[in-house]
Amino acid sequence: MQRFNTPFVYTSAQSRVVFGAGSIDFLTRELDQLGLNKVLIVGTAGQRAFNEELRLKLGGRIVACFSEAVMHTPVSVTNEAMSIVESHQVDGVVAVGGGSSIGLSKAIAFRTGLPQVVIPTTYAGSEMTAILGETENELKVTKSDPKIRPKVVIYDVNLTTGLPVAISVTSGMNAIAHAVEALYAHDTNPVIATLAEEGVRSLVKALPLIAANPEDLDGRSNALYGAWLCGICLGSVSMAIHHKLCHTLGGTFNLPHAETHTALLPHALAYNAGHTPQAIERLRRALDTISPAQALYDLAKKLGAQMSLKELGMPEEGIQKATELAFKNMYPNPRTLEPEGVKVLITHAWQGKRPL
Ligand code: NAD
């Protein structure tokens, strides 16, 4: 039974979610409800063919497709998209794809206030947040504003069956990282903790099914559902050392987002584990293990993920730089941040070691 000895705050976010296989068929209805008639579709190069097809299907209300979104949302790419928004007098944005596509639509919404309908096809969770991370001059800067949050999210499981297993695994670990940090957030609450535990449980069951058969609809549905719950966690409470480090490593060394989360998460959790008994209790239940940090490492490794930041392209001298950056703009974390401890955490992730 839960004990409610500590007062808490829960703020629910305003976004409409349409979930299920084939739910992209409701896109026209959603655009009608928002009254959008001059829509820009955005995505990464990988979504280009799909987005052009979607444009044909939706007819004249789609005024342009822009498929140049890339990871970490560089401001230079947003500026290119903004010139299309202005020249076509766009009145809404549809994003199809992962966090890179959604990052670009959020960057447009932040500048214009335009409504977004987003169709996530990875497990990154960006669609559930009012946060935008933009990169300029090798620095990734985070902005938070209610207009960044998408108005409508369409989770169509059918659009995820083509997501390669390697990306599915790391993207799923990225989602799990949101839940892990939500469980020990200084502003967590019982509602978010319940969603986080269920999100982790759903994803750890789903990922091995997807690795065995990427078209397994049970695996795909559970992964997308878990990713949604973990995305709510990310959008609702404060993240701590793990997200701070991933953010720094991504922006400073241009490391791949989901892969970096995967390699770092077991070590960030191990760093905090002794200081957050409630989070560990929930993770033990969700993962069915007594050692959540090691279990996450073992799961990701077994499913083929690269567990070494060195192999992901981080230079060894980056360990010191990342340690120093971790102490800029301080933030709450369950365990006090100690330079030596943080350096060891990063070093172990760089080496790809199993956490102790
Ligand atoms: P991504 O969007 O770059 O996608 C990874 C690759 O998978 C891309 O090449 C893409 O084309 C491809 N892909 C996507 N869906 C596919 C599908 N269904 N089938 C085949 N290929 C597919 O990667 P990501 O990890 O989803 O997102 C990373 C970005 O999102 C980073 O920039 C990160 O900072 C941002 N992000 C932001 C938030 C937030 O709240 N602001 C949260 C999470 C991630």
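Colleague: Which elements make a right-handed β-α-β unit?

Modeller: S4, helix H4 (residues 99–112) and S5 make that unit. Right-handed has a viewing rule: with the strands pointing away from the viewer, the path from the first strand over the helix to the second runs clockwise. Helices (H or I, at least four residues) and strands (E, at least two) are DSSP runs, numbered from the N terminus. This is a predicted model, where local features need pLDDT of at least 70, side-chain atom pairs count only at pLDDT 80 or more, and totals for chains, interfaces and linings use all residues. Residues are numbered from 1 along each chain as its sequence is written, and side-chain values use heavy atoms, leaving out hydrogens and water.

Colleague: Which strands are joined to S4 by bridges?

Modeller: Two strands pair if DSSP finds at least two bridges between them. Strand S2 (residues 39–44) runs parallel to S4, joined by 4 bridges. Here Val39 has Gly92 of S4 as its bridge partner. Strand S5 (residues 116–120) also runs parallel to S4, with 5 bridges. Val94 has Val117 of S5 as its bridge partner.

Colleague: Is strand S4 (residues 92–97) largely enclosed or open?

Modeller: Buried means under 20% relative accessible area, exposed over 50%, partly exposed in between (1.4 Å probe, protein chains only). In S4, 6 of the 6 residues are buried, so the strand is largely enclosed by the rest of the structure.

Colleague: Where is Ser202, and what does Ser202 touch?

Modeller: Ser202 lies in helix H6 (residues 190–212). Contact means heavy atoms within 4.5 Å. Leaving aside residues up to four places away in sequence, Ser202 touches Asn222, Tyr225 and Gly226. Ser202 is buried, at 5% relative accessible area.
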